[in-house]
There are 2 protein chains.
Amino acid sequence: MDSRTEQVDTPRSLDDISTPGRVADPGEGISHEELALAARNHGLPLEALRYDVTPPGLHYILTHYDMPVLDASAWTLTVRGRVRTPLALDLAALRSFPAVTHRVTMECAGNGRARLTPRPVSQPWLVEAVGTADWTGVPLRTLLAEAGVEPAAVEAVFTGADHGVERGVEQDYERSLPLADAMATDPEVLVAYEMNGAPLPPQHGHPVRLVVPGWYGMAHVKWLRDITLTDTPFTGFQQTVAYRYRQSPDEMGTPVTRIAPRALMIPPGFPDFMSRTRVVRPGPLRLEGRAWSGRAPVTKVEVSTDDGHTWHEAELAPADRHSWSWRHWHAPWTAVPGTHVLTARATDAAGDTQPVTQPWNRGGFGNNAVQRVTVLCEPQ
Amino acid sequence: MDSRTEQVDTPRSLDDISTPGRVADPGEGISHEELALAARNHGLPLEALRYDVTPPGLHYILTHYDMPVLDASAWTLTVRGRVRTPLALDLAALRSFPAVTHRVTMECAGNGRARLTPRPVSQPWLVEAVGTADWTGVPLRTLLAEAGVEPAAVEAVFTGADHGVERGVEQDYERSLPLADAMATDPEVLVAYEMNGAPLPPQHGHPVRLVVPGWYGMAHVKWLRDITLTDTPFTGFQQTVAYRYRQSPDEMGTPVTRIAPRALMIPPGFPDFMSRTRVVRPGPLRLEGRAWSGRAPVTKVEVSTDDGHTWHEAELAPADRHSWSWRHWHAPWTAVPGTHVLTARATDAAGDTQPVTQPWNRGGFGNNAVQRVTVLCEPQ
């Protein structure tokens, strides 16, 4: 038997290859385009929640265009716009500023998108687009103080070296932060050149990226090459077209900013290859995982072993100095033969918690519906 | 608008969660199960073909079950069965043997599966499940010589510490090699403890894995814990049920072994985020990529810029001492406005080449149909 490979359409213009955002039709399966993104990018294999700090190859990755190849020895960061003294810093100059290290949990704003109905067509995450790393670099406010912020400045615009087309707009990847966030001390925004004590890997922004603790991943501009202070709010594609909470394509929407609370569980036992359903033996075991929020400290994690009918409070690891990193939690469970749906939900000090039913938005952003882990308990 | 999350069925037994292999129905989209595999595992982002040696986080990964967490200081490799002196080696003992390093291109046997019609339901690779690394370790034949191979031995069976269920069969991941392959000098099978000069990352088999140059990835057993020489051929799941070329589920099939030739191109220009279609400017540019075969050295790479109507021979990098690693190739191309479908095909010294139309098999193994890269050339 022969099988043809997929047909390639013949695009005639940018509009043919770069179409407006859309949601999938009822019953429409994941397309080859979504699959191509899922094959290049990747989430955290959930068993890797056991690491306090995620090894680089297991930390989630979402690259909009291609990873650019940058020569660290030729790289320069410019700081300009509404500053008194524009800067042009090479890596040695950047490293000459006092360095700090922050442990930060990062999550893609589109995490959970593929579980929505109707499904926004984009990177099809289920639940795993997260990771935690130790980022070392220079506080952004140190660089801005060095350049001297003019009173007229209201935002800092960050430009990466990654270049592509999105919904018909050719662009370098660019995002902004309000000046108050850019200058904040907690969380402190970093211009980072090390991940877990080593130079940034290519896929995490080599040689330099922005790290914005508490914010979804779109704010952490990779392959950073320019910071421009502006006297009007930035209206670029990734700020005003993409990364907005919207119900319809016509509305302005509200910006995607900080990470909503979420708890994830290390799936217990062992999996079936294809269904990923878990198998455990009868008897006592420990449920454990991580919980985080970019809005306020996590104050409570609850666990349910009966698909959300009843909840029990898990034990949270003590708060430590890593206030922008996930926290470990654990809870005892005695597995009895049968099928169980396990879930956990996090609540933060701002009173936000995780929904069981996810409110829908057109971009599929900020989803934090509880994870559901189906477990079959069988005697050996 | 609210959206429900996916329903979780209630499995009653292992047979409910671990079903026979199947192919998708006509028009059946990628399922959440396939997507869960695509989100955990990942391919090589094709722009990373520019690296001679793939950084670990960009090298493809396919994990059948969960990554086990192994304590390197407590790890032991046993060598037993049809040997004169069974061995139990800790990491220090393994490192005490003379080490060698081989640069090896590894590819998943299921690469290309999701491009088949009908689609075998499994990890849905398109074309990107490949990577190249420098693996350091002890030649397997050194260890087998140390143990003393009995004349009755015919195969070596390798057991990993990864445990799960697959099509109803609970198992540790296990594969075998014929003794002749296990003892060969070229390619030389490695018991490897370093990747690119560093300890193996968790997802690549920490602390020790098998590396079988020239073979598809299923042979390179990760998290290796036991080697047993047997006097009959191994009939375990991964040898006789999975990883066979078959047209129907009932036939015995033939084993999946060595990597078929393939060339991949670094997609030129820059992409559209969603369609991944490429955009280039008019003018001369260099097409380049990598080519490999696990059967014999690559002898020729041809490039077509008109969807396979005409072909031109690319320049292959000179053969070097890395005979089991991919080779760089390049070819000039002058882009003119319009749409172009670029492709490349590799031929090896055994006379094998890449098909334009892929012969189908039920597991979706050994696909090496040519990659097709659609490029829109537009003036700035």
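Cys108(A) counts as buried, because its relative accessibility is 6% (buried means under 20% relative accessible area, exposed over 50%, partly exposed in between, with a 1.4 Å probe and protein chains only). Cys108(B) is buried too, with a relative accessible area of 6%. A search of the whole structure turns up zero disulfides over all chains (a disulfide is a pair of cysteine sulfur atoms within 2.5 Å).

A word on the ground rules. This is a predicted model, in which local features need pLDDT of at least 70 and side-chain atom pairs count only at pLDDT 80 or more, while totals for chains, interfaces and linings use all residues. Residues are numbered from 1 along each chain as its sequence is written, chains are lettered from A and ligands numbered from 1 in the order in which they are written, and side-chain values use heavy atoms, with hydrogens and water left out.

Now turn to the place where the chains meet. 88 residues of chain A are in contact with 88 residues of chain B (contact means heavy atoms within 4.5 Å). The size of an interface is often given as the accessible area lost when the parts come together. Between chain A and chain B the buried area is about 7700 Å², and carbon and sulfur atoms give 60% of that (the accessible area, with a 1.4 Å probe, that two parts lose on being put together, summed over both).

Eight salt bridges are counted between chain A and chain B (a side-chain nitrogen of Lys or Arg within 4 Å of a carboxyl oxygen of Asp or Glu). Glu170(A) forms a salt bridge with Arg281(B), and their closest N and O atoms are 2.6 Å apart.

Which element gives the largest share of the side of chain A that touches chain B? That is α2(A), with nine residues (helices are DSSP runs of H or I, at least four residues, and strands are runs of E, at least two, numbered from the N terminus). Helix α2 of chain A spans residues 32–40, and seven of its nine residues are buried. Among them are Glu34(A), Leu35(A) and Arg40(A). Their cover includes α2 of chain B.

Next, look at Asp66(B). Asp66(B) sits in the loop between α2 and β2 of chain B. It is buried, with a relative accessible area of 13%. Its side chain makes a polar contact of 2.6 Å with that of Arg278(A). Beyond neighbours within four places in sequence, Asp66(B) is in contact with residues including Glu47(A), Arg276(A), Arg40(B) and Asp162(B).

Finally, the annotations. For chain A, an unreviewed UniProt entry lists residues 64–237 as "domain: Oxidoreductase molybdopterin-binding" (positions follow the numbering used here, feature names are shortened, and annotations may be inferred rather than shown by experiment). This span is 10% helix and 38% strand. Leu224(A) belongs to strand β11, residues 224–230, and is buried at 0% relative accessibility. Residues 283–375 of chain A are listed by UniProt, in an unreviewed entry, as "domain: Moybdenum cofactor oxidoreductase dimerisation". That span is 0% helix and 49% strand, and its end C-alpha atoms lie 13 Å apart.

How values were computed:
Polar contact = N/O pair within 3.5 Å; in protein donor to acceptor, adjacent residues only side chain to side chain.
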